[in-house]
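Please keep the sequence and the structure at hand while reading.

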Amino acid sequence: RINQITHWLTIPLAALQGYGMVVTLQHYNPPVIGSLSTITLFTTVLTMTAGTMFLVWLGERITERGIGNGISIIIFGGILAGLPGNLRMIYMMTGWGGLIGLLILMVAIVLLIVFVIEAYRRIPVQYSRSVFRGGKMYRQGGATHIPLRVNMAGMIPLIFAMSMMIFPGIIASYFANYPATYGIGANPNFGDWVVRIFSPGAFAGGAIYWILYFVLVIGFSFFYTMVIFQQQDMAENLKRQGGFIPGIRPGKPTEQYLNRVVNRITWGGALFLAFIAITPLLSRLIVGSEVAGGQGLMIVTSMGLLIMVGVALDTMRQLEAQLLMRQYEGFLR
C-alpha cells in the first residue's frame with residue numbers, strides 16, 4: 001500500500017517538475033523554447049510525466065529480475081552516456097590542462113568516496129545464554145561486532161540539501177525581471193536578488209550559495225542518520241537477545257553509548273558529503289573562474305559520482321553473494 005501511494009504521489013510531483021523545466025527553458029537568455037499554447041504546454045508536461053513513470057516502472061522490473069536497484073542502474077547508465085560529451089565540452093573550453101586536472105580531481109574523489117562508503121566503526125558485542133541439555137543448564141556465549149557505517153545516511157542529505165537550494169530560486173524566477181540570472185538586467189527586483197543568491201555562479205551570490213549548501217548537507221546528514229539509527233533500536237534488540245557491549249551496562253547506558261559513538265562518526269560522514277557537494281566549486285578553481293561565465297565544470301556531478309560508485313559497489317557485492325551462494329570462488333578480495 002505504501003508503494004502504491006508513493007507511485008500516485010509521484011505523478012503530480014513529476015508534472016510540477018516538468019512545468020518548472022518548461023518555464024526555466026523559456027526564461028533562458030536567449031530562450032531555449034518560445035511561448036507555448038495551452039494545449040502544447042499540457043502535451044509537453046504530460047509527455048515528461050509519462051516518461052518519468054515509464055522509467056519508474058522499468059526500474060522496478062530491473063529490480064525484480066536483475067541485480068541491484070533498477071532506478072539507480074538507469075541513472076548510472078544515463079551518467080555514463082553523457083560522459084563522452086562532457087569530456088569533449090571540457091576539452092574545448094579548457095584544453096588538455098584543464099581536462100587532465102579535472103580527471104585527476106575526479107579520480108581522487110572516487111577513491112575518497114570508496115574509502116568513506118566502506119568505512120565503519122566496529123562495536124564489540126558479547127552474547128551469553130543458557131541452554132538446557134540432559135536436565136543440566138549450560139552457559140554458551142559468543143563474540144561479534146556491530147558495524148556502524150561512517151556514512152550511514154548515504155546520498156540522501158545531498159538530495160535534501162539540493163532540493164532546498166533549488167526551490168527558492170525556482171519560485172523567485174517566476175517573478176524576476178529577466179535577463180537577471182545573476183542580477184544583470186534593467187530594473188532588478190527582489191526575485192532577481194533571490195535568483196542571484198541561490199545561483200552557484202562566480203558573482204556575489206556564489207559564496208552564499210556554497211556556504212548554505214555546505215551547512216545544509218551537514219545538518220541533513222545528522223538529521224537523517226539519527227532518524228535511521230533510532231528506528232533500529234539497537235540497544236533494546238541487544239538486551240532481548242542477551243547481548244551486551246563489554247564495559248557498558250545493558251539498557252539506557254548502552255543506548256547513550258551508541259548515540260555518542262554515532263554522533264562522533266557522523267561528523268566524518270557529514271564533512272565528507274559536504275566536501276563532495278562543493279566539488280563543482282573546486283573544479284571551477286582548477287579550470288579558472290572565467291571559463292563558462294564562472295560556472296563550475298565537472299566531468300560528472302558530485303551526486304552522479306556518489307550514485308556511480310554506490311551502484312558499482314552494490315552490484316559487485318550482489319554478484320559476489322551470488323557466486324559464493326553457488327560455491328564459486330568470489331572475485332572480491
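## Overall make-up

The protein has 333 residues, and 32% of them count as buried. The model is a predicted one, and the values that follow are computed from its atoms. The protein contains 10 helices and 3 strands, and when these elements are read along the sequence they follow the pattern α-α-α-β-β-α-α-α-α-β-α-α-α.

## How two helix pairs pack

Helix H1, which covers residues 2-26, packs with H2 at an angle of about 140°, and the axes of the two helices are 8 Å apart. Angles over 145 degrees would count as roughly antiparallel, and H1 and H2 are therefore classed as oblique to each other. The crossing in which H1 passes H2 is right-handed.

A second pair, H3 and H8, packs at an angle of about 155°, with 11 Å between the axes. That angle makes H3 roughly antiparallel to H8, because the class takes in angles over 145 degrees. The crossing of H3 and H8 is left-handed.

## The loop between H1 and H2

The loop that lies between H1 and H2 includes Val32. Is Val32 buried or exposed? With a relative accessible area of 53%, Val32 is exposed, since the exposed class begins over 50%. Val32 and Val22 are 10 residues apart in sequence, and their C-alpha atoms are 9.3 Å apart in space.

## Salt bridges

How many salt bridges does the structure hold? There are 3 of them, and each can be described by its partners, by where those partners lie and by how accessible they are.

One of the salt bridges joins Arg61 to Glu64, with 2.9 Å between the closest N and O atoms. Arg61 and Glu64 are 3 residues apart in helix H2 (residues 38-65), and so they are separated by about one helical turn. Arg61 counts as partly exposed because its relative accessibility is 23%, whereas Glu64, with a relative accessible area of 58%, is exposed. Glu255 is partly exposed, with a relative accessible area of 29%, while Lys252 is exposed at 51%.

Another salt bridge is formed by Arg317 with Glu118, and here the closest N and O atoms are 2.8 Å apart. Arg317 lies in helix H10 (residues 302-325) and Glu118 lies in the loop between helix H3 (70-117) and strand E1 (120-133), so the pair ties together parts that are 199 residues apart in sequence. Both partners fall into the partly exposed class, Arg317 because its relative accessibility is 37% and Glu118 because its relative accessible area is 32%.

## A nonpolar patch on the surface

Which residues form the nonpolar patch on the surface? The patch is made up of Tyr19, Ile166, Phe167, Ile170, Ile171, Tyr174 and Phe175, which together have about 670 Å² of accessible area. Helix H4, spanning residues 156-173, supplies the largest share of this nonpolar patch, namely 4 residues.

Phe167 is one of the members of the patch, and this residue lies in helix H4. Phe167 counts as exposed because its relative accessibility is 55%, a value that falls in the class set at over 50%.

## A buried tryptophan

Trp210 lies in helix H6, which runs over residues 204-232. Why does Trp210 count as buried? Its relative accessible area is 9%, and the buried class takes in values under 20%.

Trp210 can also be placed relative to Ile278: the two residues are 68 residues apart in sequence, yet from C-alpha to C-alpha they are 6.7 Å apart in space.

Key
Residues are numbered from 1 along each chain as its sequence is written. This is a predicted model: local features need pLDDT of at least 70, side-chain atom pairs count only at pLDDT 80 or more; totals for chains, interfaces and linings use all residues. Side-chain values use heavy atoms; hydrogens and water are left out. Patches are made of residues with over 30% relative accessible area and no salt bridge: like charges are joined within 9 Å, nonpolar side chains (Val, Leu, Ile, Met, Phe, Trp, Tyr) within 5 Å. Accessible areas come from the Shrake-Rupley method with a 1.4 Å probe; for residues, only the protein chains shown count as cover. A salt bridge is a side-chain nitrogen of Lys or Arg within 4 Å of a carboxyl oxygen of Asp or Glu. Buried means under 20% relative accessible area, exposed over 50%, partly exposed in between (1.4 Å probe, protein chains only). Axes are lines fitted to C-alpha atoms, for helices over the stretch in contact, and angles run from 0 to 180 degrees between N-to-C directions. Angles under 35 degrees count as roughly parallel, over 145 as roughly antiparallel, 65 to 115 as roughly perpendicular and the rest as oblique. A crossing is left-handed if the near helix is turned anticlockwise from the far one by less than a right angle, and right-handed if clockwise.
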